[in-house]
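Subject: A structure to look through

Dear colleague,

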Amino acid sequence: LSPYSSASTDLNQLMTDEKPDLTPEEIVSIHTHNQILTNLGYKAPLTSKQKLQHQIRNTQLSVTISDLTFIDFSEIKKMIFQNGIAPESRPFIWPMLFGVLPYSKDTNLIKNHLRKITDEYLNIITQYEQFTDEQKTSSAFVLDTQRIITNDVRRNDRQEDAFKSDDSPNLLLLKNVLLAYAVFNRDTGYVQGMNDLVSPLILIFIKEWDQDGKALFHDGTLKTREEAEAFIFWSFVGMMELTQQERLFTDLAKHQEFVLKRIAKIATTVHQPLQNLLKQSAELNTLSFLFKPVILLFKRAFKQLDLYRLWDSLFTADSPSCFSRFVAAAALILLFPKLLIHTNQTLGEVMSFADGFIGEADISSVINLAKI
């Protein structure tokens, strides 16, 4: 084999891991994999020292609220897609991406808009509250929705300080937002997993609650419980519409095949060894192990800070719903060498292995390959 490029997988490392013996076919496949990545212009993950230098440089490039000079918003979105948003600026910028805040420095316009969306949210809540107790108990839809939401909220991210306490106001907010969404979008209703998409929004926007039951947001504003719920609710609605996740959740079984076929097409078009591997296994060929990460916008796949950085690019892509498939395809391609060598290509083994790999993957590498 020729000397490995910067994009290569370390064969020596792979051979000293769990499966020390490589067949000639496996060696050729990995070498081809390396060549493909090199030809695509992909660069391997940085060393610790390089990563620190990159983080410093990337921090300087990340979009901040000071960059919002109110030029064409499409230009700001392009900057975000490439370089992400500075963490302290996400609470200011994400609401603009979701349409919850207008892209304007007119404070009166912003106040009037926030008042309007709070009133609209309260109207939705009123629709639910107008159900009589008899209607609630006699309606299978209402009962099932309440039960599923209650169970999901009870389990939601309890390792996070914001959700640890049983009487956490964040848990109550989450429950109310999910109930409101079920009323707002009756075609979809509530589907398990939606709570995973709302909880990061709560963490991004809400810093703490005061003794009067008001929420202090990370942008410095203080909101009543109704105002806080409305803000999170419309952020969730905006995110679901922006990424078209509402369509996926409407009929998961129908859309699973649609999405996974496109992920496979993206990955195998540029990676013949991966195509060959998938053809050898009927269990793997469906890529069913990738659907949960896609439907949850990779919420459980990546570490929290990595997830936020990924969402920066996802929310500002020309087509967020399509870009999520490219992210999944990128993760699949980067997984290929270990998938080939360290698994027997059975679905259960691959699911377990893929979860661990994706969670530890270098997020910059995944995003950059998705862009390529």
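Predicted model: local features only at pLDDT ≥ 70, side-chain atom pairs only at ≥ 80, totals over all residues.

**What was found**

**The chain as a whole**

The chain has 372 residues, of which 48% count as buried, and its secondary structure comes to 20 helices and 3 strands. If you consider the contacts between residues at least 6 apart in sequence, 71% of them join residues that are at least 24 apart. The chain exposes about 18500 Å², and carbon and sulfur atoms supply 51% of that area.

Please look next at helix α6, which covers residues 107–129, and helix α11, which covers residues 225–243, whose axes come within 9 Å and cross at roughly 90 degrees. Because of that angle, α6 is roughly perpendicular to α11. On the side of α6 the residues that meet α11 are L114, I117, T118, E120, Y121, L122 and I124, while α11 brings E226, E227, E229, A230, F231, F233 and W234. Sorted by class, this contact has 9 nonpolar, 1 polar and 4 charged residues.

Helix α6 also holds I125, which is buried, with a relative accessible area of 15%. Which residues does I125 touch, once its neighbours within four places in sequence are left aside? I125 is in contact with N176 and A180. L179 lies 54 residues from I125 in sequence, yet the two are 8.2 Å apart in space, C-alpha to C-alpha.

**Salt bridges**

Side chains of opposite charge can pair when their charged atoms come close. The structure holds 12 salt bridges, and one of them joins D157 to K299, with the closest N and O atoms 3.1 Å apart. D157 lies in the loop between α8 (140–155) and α9 (169–184), and K299 in the loop between α16 (291–295) and α17 (304–316), so this pair ties together parts that are 142 residues apart in sequence.

Are these two partners buried or exposed? D157 counts as buried, at 12% relative accessibility, and K299 counts as buried at 12% as well. Both D157 and K299 belong to a network of salt bridges that also links D196 and R300.

Another salt bridge is formed by the side chains of D166 and R158, at 2.6 Å from N to O. Here D166 is exposed, with a relative accessible area of 70%, whereas R158 is partly exposed, with a relative accessible area of 22%.

**Helix α20**

Finally, please turn to helix α20, residues 363–371, in which I363, S365, V366, I367, L369 and A370 are buried. What covers these buried residues? The cover includes α2 (24–40), α17 and α18 (320–342).

Conventions. Residues numbered from 1 in each chain as written. Heavy atoms only, no water. Helix = DSSP H or I, 4+ residues; strand = E, 2+ residues; numbered from the N terminus. Buried < 20%, exposed > 50% of the residue type's maximum accessible area, 1.4 Å probe, protein only. Contact = heavy atoms within 4.5 Å. Areas by Shrake-Rupley, 256 points an atom, 1.4 Å probe, with all protein chains shown as cover. Axes fitted to C-alpha atoms, helices over the stretch in contact; angles between N-to-C directions. Parallel < 35°, antiparallel > 145°, perpendicular 65-115°, else oblique. Nonpolar A, V, L, I, M, F, W, Y, C, P; charged D, E, K, R; others polar. Salt bridge = Lys/Arg side-chain N within 4 Å of Asp/Glu carboxyl O.
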